[in-house]
Amino acid sequence: MANSSIPEDLRRFILTKIPSVPFLEALLLMRADLAQPWRRDTLAARLYVREKVAETLLAELCAAGMAAHVDTQGQDTYCYRPESPALGERIDSLADLYATHLVEVTLLIHSTLDRKAQQFADAFTWRKDT
């Protein structure tokens, strides 16, 4: 599966909403275990990253509307919580794609040329609200 054969809607989603492989891995870990209250130390251990990196990832996931901060017994924890059903469905589709085409999705995430080209093209997209 080449980058161009990734469905266009998922390709655009990856290029515009998934800034890094650790971001995607964190998102998918949280999605896979909904009962798990995710703390930065827990996420850091599962992703093999420093706690500061995990903290940044959790903040980015919240800012992207893919996770939510939850105060559990005085501890900062996070949970998977897409801000809309449509976003949840898009993440589900991405999870399925990533499970079967990990290398292709990873290459697309790392492809700065594709990302910059997509951002340039998006700058010229007519939007209904403009």
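Biologist: How many helices and strands are there in the protein?
Modeller: This is a predicted model, with residues numbered from 1 along each chain as its sequence is written; local features need pLDDT of at least 70, side-chain atom pairs count only at pLDDT 80 or more, and totals for chains, interfaces and linings use all residues. Helices (H or I, at least four residues) and strands (E, at least two) are DSSP runs, numbered from the N terminus. Along the sequence they follow the pattern α-α-α-α-β-β-α-α-α, and the count is seven helices and two strands.

Biologist: What percentage of the residues in the protein is buried?
Modeller: Buried means under 20% relative accessible area, exposed means over 50%, and partly exposed lies in between (1.4 Å probe, protein chains only). The protein has 130 residues, and the buried share of them is 37%.

Biologist: What percentage of the accessible surface belongs to carbon and sulfur atoms?
Modeller: Accessible areas come from the Shrake-Rupley method with a 1.4 Å probe, and for residues only the protein chains shown count as cover. The accessible surface of the protein is about 8000 Å². The share belonging to carbon and sulfur atoms is 55%.

Biologist: Among contacts between residues at least 6 apart in sequence, what percentage joins residues at least 24 apart?
Modeller: A contact means heavy atoms within 4.5 Å. Of the contacts between residues at least 6 apart, the share joining residues at least 24 apart is 58%.

Biologist: Are H5 and H6 roughly parallel or roughly perpendicular to each other?
Modeller: Axes are lines fitted to C-alpha atoms, for helices over the stretch in contact, and angles run from 0 to 180 degrees between N-to-C directions. The axes of H5 (residues 85-100) and H6 (residues 102-110) come within 5 Å and cross at roughly 115°. Angles under 35 degrees count as roughly parallel, over 145 as roughly antiparallel, 65 to 115 as roughly perpendicular and the rest as oblique. H5 and H6 are therefore roughly perpendicular.

Biologist: Which residues of H5 and H6 make the contact, and how do they divide into nonpolar, polar and charged?
Modeller: From H5 come Leu 94, Leu 97, Tyr 98 and Thr 100, and from H6 come Leu 102, Val 105 and Thr 106. Ala, Val, Leu, Ile, Met, Phe, Trp, Tyr, Cys and Pro count as nonpolar, Asp, Glu, Lys and Arg as charged, and the others, Gly among them, as polar. The residues of this contact are five nonpolar, two polar and no charged.

Biologist: Which residues are in contact with Ile 91, leaving aside its neighbours within four places in sequence?
Modeller: Ile 91 lies in helix H5 and is buried, with a relative accessible area of 0%. Phe 13 is 78 residues from Ile 91 in sequence, with 9.1 Å between the two C-alpha atoms. The residues in contact with Ile 91 are Phe 13, Leu 27, Arg 31, Met 66, Tyr 80 and Pro 82.

Biologist: Is Thr 77 buried or exposed?
Modeller: Thr 77 has its place in strand S2 (residues 75-80). Leaving aside neighbours within four places in sequence, Thr 77 is in contact with residues including Pro 37, Trp 38 and Val 70. At 3% relative accessibility, Thr 77 counts as buried.

Biologist: Which residues of H3 are buried?
Modeller: H3 covers residues 40-47, and Tyr 48, with a positive phi near 60°, follows H3. The cover over the buried residues of H3 includes helix H2 (21-32) and H4. Those buried residues are Thr 42, Leu 43, Ala 44 and Leu 47.

Biologist: How many salt bridges does the count come to?
Modeller: Side chains of opposite charge can pair when their charged atoms come close. A salt bridge is a side-chain nitrogen of Lys or Arg within 4 Å of a carboxyl oxygen of Asp or Glu. Arg 39 and Asp 41 form one of them, with closest N and O atoms 3.0 Å apart. The count comes to five.

Biologist: Which residues are linked in a network of salt bridges?
Modeller: Glu 55 in helix H4 (residues 51-63) and Arg 40 in H3 are 15 residues apart, and their side chains meet in a salt bridge at 2.8 Å, N to O. Glu 55 also forms a salt bridge with Lys 52, at 3.9 Å between the closest N and O atoms; Lys 52 and Glu 55 are three residues apart in H4, about one turn of the helix. Lys 52 is exposed at 58%, whereas Glu 55 is partly exposed at 32%. The network links Arg 40, Glu 51, Lys 52 and Glu 55.

Conventions
Heavy atoms only, no water.
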